[in-house]
Amino acid sequence: MNSNRQFLILNKLNNKIKENIKKFININIIIYKFNDQTEDQFEISNSNTIEIVNFCKKNQIPFYITDNIKLAIHIKANGIFLSSKNKRIIPRIKSVNFEII
């Protein structure tokens with residue numbers, strides 16, 4: 001694991017953010033469900049999530065999903081970011097080849 005990695009937490013993108021992300025080396029994206037989003041909004045059908053995933057894949061940027069193991073598996077994320085309120089899913093992750101942040 002590279003200790004010089006930088007993490008950016010996002011729930012949507014715009015062109016300015018995209019331009020700035022491309023300037024970084026060792027950047028990783030954490031796709032985060034903010035408090036105003038319901039679980040249904042934090043799915044692959046959400047256009048913001050799709051845009052971030054496609055951007056990361058196109059630019060070969062590692063990305064992580066917050067607290068949603070099913071979504072992370074479905075979109076082939078590099079790993080999962082566990083918030084402090086969701087540590088109970090760790091046993092389910094051990095059978096999947098995911099990095100846990």
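In strand β3 (63–66), Phe63 and Ile65 point one way while Tyr64 and Thr66 point the other, and all are buried, meaning under 20% relative accessible area with a 1.4 Å probe and protein chains only, where over 50% is exposed and in between is partly exposed. The model is predicted, so local features need pLDDT of at least 70 and side-chain atom pairs count only at pLDDT 80 or more, while totals for chains, interfaces and linings use all residues. Residues are numbered from 1 along each chain as its sequence is written, and side-chain values use heavy atoms, with hydrogens and water left out. Helices (H or I, at least four residues) and strands (E, at least two) are DSSP runs numbered from the N terminus.

**Sheet**

- The order of the open, five-stranded sheet is β1-β2-β3-β4-β5, with parallel pairing; strands pair if DSSP finds at least two bridges between them.
- β1 and β5 are the edge strands with a single partner each, so one side of each has no neighbour in the sheet.
- β1 and β2 run parallel and are joined by five bridges; leucine 10 has isoleucine 31 in β2 as its bridge partner.
- Three bridges join β2 to β3, and isoleucine 29 has phenylalanine 63 in β3 as its bridge partner.
- Three bridges also join β3 to β4 (residues 79–81), where threonine 66 stands opposite phenylalanine 81.
- From β3 the chain passes through α3 to β4 in a right-handed β-α-β crossover, that is, clockwise from the first strand over the helix to the second with the strands pointing away from the viewer.

**Nonpolar core**

- The largest nonpolar core has 21 residues, of which Ile21, Ile29 and Phe63 touch the most other members; such a core is a set of buried Ala, Val, Leu, Ile, Met, Phe, Trp, Tyr and Cys residues joined through side-chain atoms within 4.5 Å.
- α2 gives the most to this core, four residues.
- Not counting residues up to four places away in sequence, isoleucine 29 touches residues including Leu8, Ile52 and Tyr64, contact being heavy atoms within 4.5 Å.

**Salt bridges**

- The whole structure holds two salt bridges, each a side-chain nitrogen of Lys or Arg within 4 Å of a carboxyl oxygen of Asp or Glu.
- Arginine 5 and glutamate 99 form one of them at 2.7 Å, N to O. Arginine 5 lies in the segment before β1 and glutamate 99 in β5, so the pair ties together parts 94 residues apart in sequence.
- Lysine 18 pairs with glutamate 51, with the closest N and O atoms 3.1 Å apart. This pair links helix α1 to helix α2, 33 residues apart.
- Glutamate 51 is partly exposed, at 28% relative accessible area.
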